[in-house]
Amino acid sequence: MTIADIPKLGAFRRPDKHYLVPYLPLGSTVGAPEITAVTDVMSSGETLSGGAWRERFESDFRAYVGTPYALSTTSGTVSLELAVHLLGLRPGDEVIVTPQTYQASVQPLLQYPDVTVKFCDVRNDTLNMDPRCLERLIGPRTSAVILVHYGGHPADMDEIMDIARAHDALVVEDAAHTLGGLYHGRRPGSLADIGCFSFHSSKNITTLGEGGMVTFADEGWAERVDRLRGNEVDARFVAQRHTFGDSKEPLPGALYPGRAYTHDLVALLRHGTNATLGEAAAAMGVAQLAALERLVGRRRMIAARLRETLHGFDGLVEVCEEPSDIVHAQHLFAFFVRDPERLNRNRLLHELDERGVQTPLRYFPLHLLPEWRSRGHRYGECPTAEQVWFHEQVNLPCHPGLSDRQVDMMCDLLAESLRAARIR
Ligand SMILES: Cc1ncc(COP(=O)(O)O)c(C=O)c1O
């Protein structure tokens with residue numbers, strides 16, 4: 001059996017169909033610096049885990065995002081799980097989340113059955129959490145807000161932080177889409193209490209296909225996350241003892257200094273996991289971070305071409321313009337069909353698909369997934385997110401893996417599809 005015999009079953013792969021412009025073969029392109037970085041690590045004879053490259057990647061990331069701490073992990077999902085743990089949620093607490101994101105942003109909350117999750121509706125242009133809706137939902141029991149910068153467009157952080165701070169709620173930014181973006185001169189991931197990043201193959205940079213990062217300013221959190229990603233438990237060290245806990249067994253002290261924990265954090269005690277980013281992945285991260293501006297520049301160039309094409313159909317479709325005080329990281333590209341009398345969104349998706357442009361809709365409103373329905377969430381809870389996903393939104397491929405020819409083709413095919421789908 002060769003690799004060609006293995007069926008392609010990735011999330012966006014349709015083995016029966018060849019797309020001229022595929023949605024997601026490769027989010028980030030890899031060149032000679034990445035390949036050299038990885039082969040150098042492999043041939044160095046040094047450790048392949050927990051060495052100098054992880055430290056270097058974390059230090060470069062801290063400098064880039066502008067947070068005192070950046071701890072790498074094996075995925076964005078693990079980063080979010082650790083972030084939610086740091087919130088210290090208690091029974092009866094409420095957490096407000098966005099429904100318009102990948103499920104990993106809110107999935108960790110399923111581990112807290114006694115915490116109430118409220119889905120906050122989104123703006124219909126950026127698909128980010130709507131501050132007006134947040135204002136209505138937040139209350140004395142709200143202990144945290146988890147939002148995403150949808151597609152790379154930074155959320156309305158000034159308003160959101162003001163509302164959250166007025167209620168003493170912590171804010172987690174899922175910044176998985178927005179590496180390379182800017183909000184009022186600052187980097188997403190440094191705008192709230194905790195930032196979470198993904199370096200999955202599709203993202204703006206990748207660390208050998210999987211990886212993540214957690215960013216924040218709190219030194220205590222840094223110690224705890226470091227323990228948790230290294231398979232220890234979340235409890236505090238106490239001063240060195242010569243016996244171990246209640247066992248009274250003598251410890252060979254010089255070998256095991258300080259291996260005793262206080263129990264005052266027992267309510268939060270959590271076992272750790274192995275979420276350590278390997279050295280080859282970290283070395284690739286260093287090279288990719290150095291290439292970020294170029295990679296995001298390419299995404300932005302493709303988005304500009306798509307906008308230009310869509311402007312030829314003003315009135316028929318809407319596309320959200322980039323405000324002057326932000327930089328959109330263009331992890332995704334979305335536009336909207338608002339008037340079904342003139343253009344049917346599903347017909348347009350069909351025309352694009354027929355012509356070989358792959359357009360999966362990102363993302364299905366999370367409150368309607370079975371795991372959230374079984375906790376009482378229902379259609380009607382987030383009318384804007386629902387209306388947009390079911391009737392208005394179109395996502396187009398926008399990643400540096402597309403060649404110039406594919407970008408030209410996509411613009412032509414988009415215009416052709418719009419003409420074919422338009423209701424005269
Ligand atoms: C918004 C968002 N958050 C979190 C994740 C999870 O990241 P990972 O795939 O690295 O676990 C993803 C996607 O992969 C994402 O798009």
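Predicted model: local features only at pLDDT ≥ 70, side-chain atom pairs only at ≥ 80, totals over all residues.

Where is Tyr 363 found? I looked, and Tyr 363 sits in the loop between helix H8 (345-354) and helix H9 (370-373). Helices here are DSSP runs of H or I with at least four residues, strands are runs of E with at least two, and both are numbered from the N terminus. I went there for the cis peptide bond that joins Arg 362 and Tyr 363, with omega about 5°.

Residues are numbered from 1 along each chain as its sequence is written.

**Entry: the sheet**

I traced an open sheet of seven strands, in the order E1-E8-E7-E5-E4-E2-E3, with mixed pairing. Two strands pair if DSSP finds at least two bridges between them. At the edges I have strand E1 (69-73) and strand E3 (116-119), each pairing on one side only. On average, neighbouring strands are turned by 20° against each other, direction ignored.

I then picked one pair to follow. Strand E7 (residues 194-198) runs antiparallel to strand E8 (residues 212-216), and five bridges link the two. Ile 194 has Phe 216 in E8 as its bridge partner. Helix H6 (residues 219-229) packs on the sheet, where H6 touches E1 and E8, and its direction makes about 10° with that of E1. Contact here means that the C-beta atoms of two residues, placed from the backbone, lie within 7 Å.

I also checked the loop between E7 and E8, which is the place of Leu 208. Phi of Leu 208 is near 60°, a positive value in a residue other than glycine.

**Entry: what packs on H7**

I started with H1 (residues 32-43): its axis and that of H7 come within 8 Å and cross at roughly 150°. Axes are lines fitted to C-alpha atoms, for helices over the stretch in contact, and angles run from 0 to 180 degrees between N-to-C directions. H1 and H7 are therefore roughly antiparallel; the cut-offs are under 35 degrees for roughly parallel, over 145 for roughly antiparallel, 65 to 115 for roughly perpendicular, and oblique for the rest. The crossing of H1 and H7 is right-handed, a term for the near helix being turned clockwise from the far one by less than a right angle, with anticlockwise being left-handed. On the H1 side I noted Pro 33, Ala 37 and Val 41 among the residues that meet H7. By class, this contact has ten nonpolar, one polar and two charged residues. Ala, Val, Leu, Ile, Met, Phe, Trp, Tyr, Cys and Pro count as nonpolar, Asp, Glu, Lys and Arg as charged, and the others, Gly among them, as polar.

Next came H2 (residues 52-65), which packs with H7 at about 30°, the axes 8 Å apart. That makes H2 roughly parallel to H7. I see a left-handed crossing for H2 and H7. Residues in this contact include Trp 53, Phe 57 and Phe 61 of H2, and Ala 283 and Val 286 of H7. The classes are eight nonpolar, one polar and four charged.

H7 passes H11 in a right-handed crossing. Ile 302, Arg 305, Leu 306 and Thr 309 of H7 make the contact with Val 407, Cys 411, Leu 414 and Ala 415 of H11.

**Entry: the ligand**

How many residues surround the ligand? I count 14, and the closest are Ser 75, Gly 76, Thr 77, Tyr 102 and Ser 198. To be near, a residue needs its C-beta atom, placed from the backbone, within 6 Å. The shell has four nonpolar, nine polar and one charged residues.
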